Amino acid sequence: MKKWIIIVLLVGFSLNGYGQRERSIDREKLDAARVAFITNRLSLTPDQAERFWPLFNEYQESREELMWDLRGISKKGEEESISNAEASQMIEQRFSLQQELLNQEKEFMEKVSVALTPVQALQLNEANRDFTRHIYRMQRRNREKNPRE
């Protein structure tokens, strides 16, 4: 009898967790979709993809960290209680982070240009933006279909 109660509770908790997961972004599915979209858009060969994706993933991780830092500065800047000196310091921090982003992108493009053709490397940024636009459109359509969620 105890086994049945435990099984029912486990199934109940797993269904509850599954239902909650559907409302949030499934990062693995998003990353897999990005890989498929960009690989297809750039017409990557298996050899190119094998060399490219580790570079791209490493770049994305470091870029995301810097973007979070930039968001943090922007949020602090929205506070009315900051002084002019603090605001000036935050502006300098923002420029420093933006310069670091640019340096990382230059380094990334140098590495990627070895794995891809120059044309593919040039098309990469637009393919990544197109993927992001595609995801936003899908989310908008889903919200229009299911306005309660």
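This report describes the fold, the charged surface patches and a few individual residues of a predicted model.

**Overall fold**

The protein chain contains 5 helices and 0 strands, and its elements follow the pattern α-α-α-α-α when read along the sequence. Of the 149 residues in the protein chain, 21% count as buried, while the accessible surface comes to about 11900 Å², with 54% of that area belonging to carbon and sulfur atoms. Among the contacts in the protein chain with a separation of 6 or more, 73% are accounted for by residues 24 or more positions apart.

**Charged patches**

On the surface, a patch of positive charge is formed by Arg 137, Arg 140, Arg 141, Arg 143 and Lys 145. Arg 137 belongs to helix H5, which spans residues 118–145, and this arginine has a relative accessible area of 38%, so it is classed as partly exposed.

A patch of negative charge, also on the surface, gathers Glu 61, Glu 65, Asp 69 and Glu 100. Helix H3, covering residues 46–77, supplies the largest share of this negative patch, namely 3 residues. Glu 61 has its place in helix H3, and it counts as exposed because its relative accessibility is 53%, which lies over the 50% cut-off for that class.

When residues up to four places away in sequence are not counted, Arg 51 touches Val 114 and Ala 115. The C-alpha atoms of Arg 51 and Lys 111 are separated by 9.8 Å, although these two residues stand 60 residues apart along the chain.

Ser 43 is found in the loop between helix H2 (27–42) and H3.

**Accessibility of the residues discussed**

The table below collects the relative accessibility of the individual residues described above.

| Residue | Relative accessibility | Class |
|---|---|---|
| Arg 137 | 38% | partly exposed |
| Glu 61 | 53% | exposed |

Definitions and conventions:
Residues numbered from 1 in each chain as written. Predicted model: local features only at pLDDT ≥ 70, side-chain atom pairs only at ≥ 80, totals over all residues. Heavy atoms only, no water. Patch = residues over 30% accessible without salt bridge, like charges linked within 9 Å, V, L, I, M, F, W, Y side chains within 5 Å. Areas by Shrake-Rupley, 256 points an atom, 1.4 Å probe, with all protein chains shown as cover. Salt bridge = Lys/Arg side-chain N within 4 Å of Asp/Glu carboxyl O. Lys, Arg positive; Asp, Glu negative; His and termini not counted. Charge placed at Lys NZ, Arg CZ, Asp CG, Glu CD. Helix = DSSP H or I, 4+ residues; strand = E, 2+ residues; numbered from the N terminus. Buried < 20%, exposed > 50% of the residue type's maximum accessible area, 1.4 Å probe, protein only. Contact = heavy atoms within 4.5 Å.
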